[in-house]
Amino acid sequence: MNWNIANKNFYRQGLRAFLNVLVTALSIIALIFMLSLLNGFQAQATRNLVLTDVGGGHYRAPGFDILTPTEWEDITMPVPDVLGNLLAKDKAEVLVQQGQLYPNRRLFPVQLRGIAMDQSLLSLPLAGLKSFEDKPGETIPAVVGVKMARKAHLKKGDTVVLKWRDKGGAVDARDILIVDVGDIINPRIDDGVVWLRLDHLRSMTDRDGEVSWVAVREYLGPVQGFEFHGIEILMSDLLALLRQDRINSKILWGILMVLVCTSVFNTQILNIFKRQKEIGTLMALGMEPKRIVSIFTLEGVLGALWALVLAVVLGVPFFIWFHGVGFDVTHLSEASFPIRETIYPDYQPREILVSVSIVLALSIASAWVPVRKVTRLDPTLALRGRAIT
Amino acid sequence: MSETLITLERVSKVYQVGEENFTALNGVSLEVGKGAFMSFVGPSGSGKTTLLNLIGGLDRPTSGSVLFQGANLENMSREQLAAYRRDNIGFIFQTYNLLPVYSVYENVLFPLILNGLKESQVRERVENMVVKVGLKDQINKKPAQLSGGQCQRVAIARALVKDPLLILADEPTANLDSENSYQVLELMRELNHEYKAAVIFSTHDEKVTRYIRREVRLEDGKVSWDKHRNGSEIET
């Protein structure tokens with residue numbers, strides 16, 4: 001009987017009930033959309049970082065720190081056999097040195113990255129370097145990213161003076177030729193980075209066979225003289241940023257929840273106020289106050305269930321469509337995220353289930369809290385519509 | 001007098017209105033027998049509705065006792081009072097107080113369902129009651145589709161269908177025109193005769209007083225006289 005009364009009362013509310021259901025449904029959709037987009041963003045950002053820089057981790061020369069460029073030159077080591085013998089698809093040897101460019105008579109400190117041309121572990125737009133001899137000629141071929149090119153006012157075909165120091169400390173300078181401006185998704189290997197052939201950089205710095213690190217597909221165990229930096233360490237800054245994003249999303253989630261709860265709470269308050277006489281009548285007919293509370297709470301449950309249905313009806317087509325078109329984030333090229341493409345949401349069933357359950361539980365609780373006072377109502381005042389003023 | 005159904009012993013009810021106390025009932029004592037057809041009359045604020053509420057277990061007296069077949073309502077919990085109303089009392093209100101989402105049939109059925117009966121068990125009983133109050137053709141209509149007189153008939157059917165010992169009717173004709181008032185009163189007299197349920201009106205409608213067998217007049221929360229149609233009269 002409780003269900004029957006609640007059901008009829010719920011539909012009697014008409015537009016008010018529908019608007020409540022709509023707010024809750026839209027909040028569910030917004031919540032799933034937000035979380036799934038964030039999942040997609042995180043997945044693509046980490047994947048891009050792995051594909052362009054991190055691989056499965058780095059075996060690094062001990063003490064090498066990308067944030068201390070003055071020490072790079074001295075922290076290089078010959079590649080040990082265990083790494084050197086890996087297939088080109090499983091490793092990428094990288095030598096990092098400091099240099100200075102002089103575009104338009106300005107000094108532009110850069111990171112020189114030499115990478116083996118046969119490697120296929122990392123995905124980088126360096127095809128333009130492959131056709132050159134393994135010894136640099138009068139001009140050294142180089143590739144820069146779009147961001148670097150814009151900052152240094154460089155374009156394909158430009159030559160610019162590069163100065164560097166070799167292993168013995170001697171300073172050398174030569175023209176480099178920008179053979180290509182590559183579309184590098186990951187800004188931290190674009191901004192301030194000049195890409196060279198590994199054999200050229202080794203030759204220029206007199207560091208034959210040496211590397212700063214070797215990126216590998218997977219951890220191979222300890223390697224004598226090298227220290228292994230796993231994905232978590234190499235992506236710690238990004239992961240911290242993504243964790244912060246999660247926190248921010250929780251704040252948004254909280255705001256959405258407050259909106260849903262307020263809407264349901266408000267409707268219930270109005271319901272009780274408008275239906276005092278009905279409550280008084282039910283009491284006079286002998287219905288226990290607790291049962292009246294159940295009826296009103298059931299109305300809230302009905303609202304939550306309909307919200308779920310509406311969320312499915314509106315949300316599923318939207319999510320399917322959005323999964324096809326994605327979300328264009330090319331504007332992030334100026335940001336520090338390793339992502340500059342279309343993001344596709346990543347729907348996690350467990351996360352959706354938990355989120356929807358929480359929304360439903362909160363909206364039911366919001367429907368229950370205001371009707372608890374029914375148990376304390378004076379039936380004689382309720383019958384006259386004066387129990388709640 | 002017939003077997004006693006209700007006994008009021010020096011019942012007082014004091015309401016707090018702001019910082020002042022308002023005495024709605026002041027030491028009222030009386031007895032109501034089974035099958036009574038009576039009314040509390042008196043001007044507004046004389047305590048008629050308060051007395052009905054106390055008898056109906058909707059309110060508790062400030063002092064004194066209300067006994068139903070010897071059981072003191074004062075000793076009952078809220079749940080027990082709800083059960084007392086559910087099992088024994090039928091209410092008829094001035095504003096009908098029908099459940100707006102329910103049809104005539106469902107409104108009349110409602111008290112029986114509250115009493116734990118299944119619809120299949122009582123369908124015929126409900127339909128008969130609806131026929132008895134003259135609403136056979138309106139059985140599936142909602143209260144909003146009925147006239148005031150028809151609504152009050154539904155309320156009467158709802159009050160009677162569970163075969164209560166007592167019906168409390170608070171100004172049942174106040175919102176009705178003369179013709180409908182007479183029809184409702186006639187119906188209630190017939191049903192009182194047929195079902196033997198005691199009926200207590202609270203009213204200041206003179207039409208009602210023509211029908212009842214006993215009239216208790218209240219003034220300033222006290223019984224000023226208690227008049228029986230058989231000629232006996234107790235003036236207090």
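## Report on chains A and B of a predicted model

Helix α8 of chain A (residues 236–274) comprises 39 residues and reaches 56 Å from its first C-alpha to its last, close to the 57 Å expected at 1.5 Å a residue. The model described here is predicted. The buried residues of α8(A) are A:Leu238, A:Val260, A:Ser263, A:Val264, A:Thr267, A:Gln268, A:Asn271 and A:Ile272. Their cover includes α2 (15–54), α9 (276–284), α10 (289–325) and α11 (349–368) of chain A.

Helix α2(A), which is part of that cover, has 40 residues; at 1.5 Å a residue these should span 58 Å, and the end C-alpha atoms are 55 Å apart, which agrees. Just after α2(A), A:Gly55 adopts a positive phi of about 60°.

| Helix | Number of residues | Distance between end C-alpha atoms | Expected span |
|---|---|---|---|
| α8(A) | 39 residues | 56 Å | 57 Å |

**Chain A as a whole**

Chain A contains 12 helices and 13 strands. Its domain assignment gives domain 1 (2–50 + 237–383) and domain 2 (57–229). The centres of domain 1 and domain 2 of chain A, taken over C-alpha atoms, are separated by 51 Å. The C-alpha trace of chain A spans about 100 × 45 × 30 Å along its principal axes. The radius of gyration of chain A is 32 Å, whereas a compact globule of 389 residues would have a value near 21 Å. Of the 389 residues in chain A, 41% are buried. Among contacts in chain A between residues at least 6 apart in sequence, 82% join residues at least 24 apart.

Strand β6(A) covers residues 159–165. Its covered face consists of A:Val160, A:Leu162 and A:Trp164, while A:Thr159, A:Val161, A:Lys163 and A:Arg165 make up the uncovered face. Strand β3(A) (residues 91–101) pairs with β6(A) in the antiparallel sense over three bridges. Strand β7(A) (residues 171–182) also pairs with β6(A) in the antiparallel sense, over seven bridges. A:Lys163 takes part in both pairings: A:Lys163 is the bridge partner of A:Gln100, and A:Lys163 stands opposite A:Ala173 in β7(A). β6(A) and β7(A) form a hairpin with five residues between them. In the turn of this hairpin, A:Gly169 has a positive phi of about 95°.

**The sheet of chain B**

Chain B has an open sheet of four strands in the order β2-β1-β4-β5, with antiparallel pairing. β2 (20–33) and β5 (71–72) of chain B stand at the edges, each with a single partner strand, so one side of each is left without a neighbour in the sheet. Strand β4(B) (residues 63–68) runs antiparallel to β5(B) and is joined to β5(B) by two bridges. Within β5(B), B:Asn72 stands opposite B:Leu67.

**Contact between the chains**

In the model, 19 residues of chain B are in contact with 15 residues of chain A. On the side of chain B that touches chain A, the elements that give two or more residues are α2 (78–88) and α3 (104–114) of chain B. α2(B) gives the most to that side, with six residues. By class, this side of chain B has 11 nonpolar, three polar and five charged residues.

Definitions and conventions:
Residues are numbered from 1 along each chain as its sequence is written. Chains are lettered from A and ligands numbered from 1 in the order in which they are written. This is a predicted model: local features need pLDDT of at least 70, side-chain atom pairs count only at pLDDT 80 or more; totals for chains, interfaces and linings use all residues. A residue is buried if 20 or more other C-beta atoms lie within 10 Å of its own, exposed if 12 or fewer, and partly exposed in between; C-beta atoms are placed from the backbone. Two strands pair if DSSP finds at least two bridges between them. The expected span of a helix is 1.5 Å times one less than its number of residues. Two residues are in contact if their C-beta atoms, placed from the backbone, lie within 7 Å. Ala, Val, Leu, Ile, Met, Phe, Trp, Tyr, Cys and Pro count as nonpolar, Asp, Glu, Lys and Arg as charged, and the others, Gly among them, as polar. Domain bounds come from an automatic or database domain assignment. The radius of gyration is taken over C-alpha atoms; the globule rule is 2.2 Å times the number of residues to the power 0.38.
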